[in-house]
Amino acid sequence: MVKLFKKGLKFKFEFKGKNPLVLAFGVIGVSLFIVSVLFLSNTYFFQSLLVISLLLGGLPFVITQYVTYRRAKEIEVNLPDFLRDVAESNRSGMPLVRAIETASKGAYGPLSEEMKLISSQISWGVPFEDTMEKFAARIKSKLVRQAVTIIVESHRSGGNIADILETVSTDIKTLKRIEIERKSKLKIYLISIYMIFLLFLGIIITLTITFVPATPDLNKAAGLLGGTPSSLSEDDFKNFFFHLSLI
């Protein structure tokens, strides 16, 4: 029992992404932000330091969300095969809970870890429906939640759970195939966006190298020709281009 409890704690720790390196970046970002606001607000590098500190401060949240997202997607990919194995075991006369425990020994990546945790919780006396609902809440995937809802309702009603699992497995595979096809069709547009951004950066760099250093000469020429010199300095133009690039 103690071993299972420690295993559950280890899983919870890893799932929430409490990586010391990630947390260190967050602490550095917050510290840099405070130092920049209190002591470096009048320096030329203030805006750059402010942006860097905000990026570092938000890094733990971004990494945690990305790891959670990738984990959920991997579970969605493995879920159809897992459900099919559970359905086959259930058809052979094995109870649903026992079939899940047996199937969790397969190579299903993070899904195997989740199912082992569910089996451990059931062995501690937690109802099957509660463990499945907690599983859906941890994964934060609409597809997984829908599948869990169908499985839980089928288990409560006492229907032919094997056929229902087989149907859910087929539906999930169909949805994932449609999702892959949609991503492949949209990839060309995503590449176009990146190419446009790179072109924009090239223009900004060219302006910074050629136009910005000539600002004093342009202001002199404007004064000689009777025009109004620009009130923006070279640093103002660089900050403006920096903000555009950041956006």
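**View 1. Ser 169, a buried residue of the predicted model.** Ser 169 has a relative accessible area of 0% and is therefore buried (under 20% relative accessible area; exposed is over 50%, partly exposed in between; 1.4 Å probe, protein chains only). The residue sits in helix α8; helices (H or I, at least four residues) and strands (E, at least two) are DSSP runs, numbered from the N terminus. Apart from neighbours within four places in sequence, Ser 169 makes contact with Pro 80, Asp 81, Leu 83 and Arg 84, contact being heavy atoms within 4.5 Å. This is a predicted model, in which local features need pLDDT of at least 70, side-chain atom pairs count only at pLDDT 80 or more, and totals for chains, interfaces and linings use all residues. Residues are numbered from 1 along each chain as its sequence is written, and side-chain values use heavy atoms, with hydrogens and water left out.

**View 2. The largest nonpolar core.** This core has 31 residues (buried Ala, Val, Leu, Ile, Met, Phe, Trp, Tyr and Cys joined through side-chain atoms within 4.5 Å). Phe 82, Leu 83, Val 86, Leu 111, Phe 135 and Leu 165 touch the most other members. At least two residues come from each of α3, α4, α5 (110–123), α6, α7 and α8 (161–211), and α3 gives the most, seven. Beyond four places in sequence, Leu 111 is in contact with Ile 75, Asn 78, Leu 79, Phe 82 and Phe 135.

View 3. The largest cavity holds about 90 Å³ of space. On a 1 Å grid over the protein atoms alone, a cavity is a set of points where a 1.4 Å probe fits but cannot get out, and lining residues have an atom within 4 Å of a point. Grid points are joined across faces, edges and corners, and the volume is the space filled by probe spheres set on the points. Of its 14 lining residues, Leu 79, Phe 82, Leu 83, Met 132 and Ile 151 are closest to the centre. Helices α3 (46–91), α4 (96–103), α6 (128–139) and α7 (142–157) each supply at least two lining residues, with α3 giving the most, four.

View 4. Residues 1–17 have pLDDT under 50 throughout (the predictor's confidence in each residue, from 0 to 100). The model has 18 contacts beyond four places in sequence for this stretch. Where pLDDT is low, predicted coordinates should not be read in detail.

Terms used. On a 1 Å grid over the protein atoms alone, a cavity is a set of points where a 1.4 Å probe fits but cannot get out, and a pocket is an open set with protein on both sides within 12 Å along at least five of seven lines; lining residues have an atom within 4 Å of a point.
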